[in-house]
Amino acid sequence: DPAEVAARFPAYSAAWAALAERAFEAGEDVAAYAYARTGYHRSLDQLRRAGWKGHGPVPWEHEPNRGFLRSLAMLAAAADAIGESDEAERCSTFLRDSSPTAAAELGV
């Protein structure tokens, strides 16, 4: 259960992405937005600690990046669902710029 994983390992962004995906599929757009934003920010912290400067590639092929990329995709979708079209577009663009492969895999 991703809720148990997120509670036990809150830095594990894939759990937050899974929670966002599950909430979004259930029509819980605000919850999906909150989960996705949490996963996104936890991921940014990890990427920056690893030396990433806030731009440039975040390859889908590197498994640990997938929590970030999935969270970013869900943030775009949930932002769109709650009427935050500017944020939805920024997140979609960020995802495509970070990993064209992820954007294709995630349908963004």
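Buried here means under 20% relative accessible area, exposed means over 50%, and partly exposed lies in between, with a 1.4 Å probe and protein chains only. By that scale, 40% of the 108 residues of the chain count as buried.

This is a predicted model, in which local features need pLDDT of at least 70 and side-chain atom pairs count only at pLDDT 80 or more, while totals for chains, interfaces and linings use all residues. Residues are numbered from 1 along each chain as its sequence is written, and side-chain values use heavy atoms, with hydrogens and water left out.

**The whole chain**

The chain has six helices and zero strands. Both kinds of element are DSSP runs, numbered from the N terminus: helices are H or I with at least four residues, strands are E with at least two. Read from the N terminus, the order is α-α-α-α-α-α. The radius of gyration is 13 Å, close to the 13 Å that the globule rule gives for 108 residues, so the chain is as compact as a globular protein of that length. That radius is taken over C-alpha atoms, and the globule rule is 2.2 Å times the number of residues to the power 0.38.

The C-alpha atoms fill a box of roughly 35 × 35 × 20 Å, taken along the principal axes. The chain exposes about 5900 Å², and carbon and sulfur atoms supply 52% of it. Such areas come from the Shrake-Rupley method with a 1.4 Å probe; for residues, only the protein chains shown count as cover.

Contact means heavy atoms within 4.5 Å. Among contacts between residues at least 6 apart in sequence, 56% join residues at least 24 apart.

**Helix 3 against helix 4**

Helix 3 covers residues 29-49 and helix 4 covers residues 66-81. Their axes come within 8 Å and cross at roughly 145°. The axes are lines fitted to C-alpha atoms, for helices over the stretch in contact, and angles run from 0 to 180 degrees between N-to-C directions. The crossing is left-handed: the near helix is turned anticlockwise from the far one by less than a right angle.

Helix 3 brings residues including Ala 36, Tyr 40 and Leu 47 to the contact. Helix 4 brings, among them, Leu 72, Leu 75 and Ala 79. By class, the contact has 13 nonpolar, four polar and two charged residues. Ala, Val, Leu, Ile, Met, Phe, Trp, Tyr, Cys and Pro count as nonpolar, Asp, Glu, Lys and Arg as charged, and the others, Gly among them, as polar.

| Residue | Relative accessibility | Class |
|---|---|---|
| Ser 13 | 5% | buried |
| Ala 14 | 14% | buried |
| Phe 24 | 30% | partly exposed |
| Ser 43 | 2% | buried |

The contacts below leave aside neighbours within four places in sequence.

Ser 13 is in helix 2, residues 13-25. Ser 13 touches Gly 39, Ser 43, Gln 46, Gly 67, Phe 68 and Ser 71. Ser 43 sits in helix 3. Ser 43 is in contact with Ser 13, Gly 67 and Phe 68.

Ala 14 also lies in helix 2. Ala 14 contacts Gly 67 and Arg 70. From Ala 14 to Thr 93 is 79 residues in sequence and 21 Å in space, C-alpha to C-alpha.

Phe 24 is found in helix 2. Phe 24 contacts Asp 29, Ala 32, Met 74, Ala 77, Ala 78 and Ala 81. Phe 24 and Ala 78 are 54 residues apart in sequence, with 7.1 Å between their C-alpha atoms.
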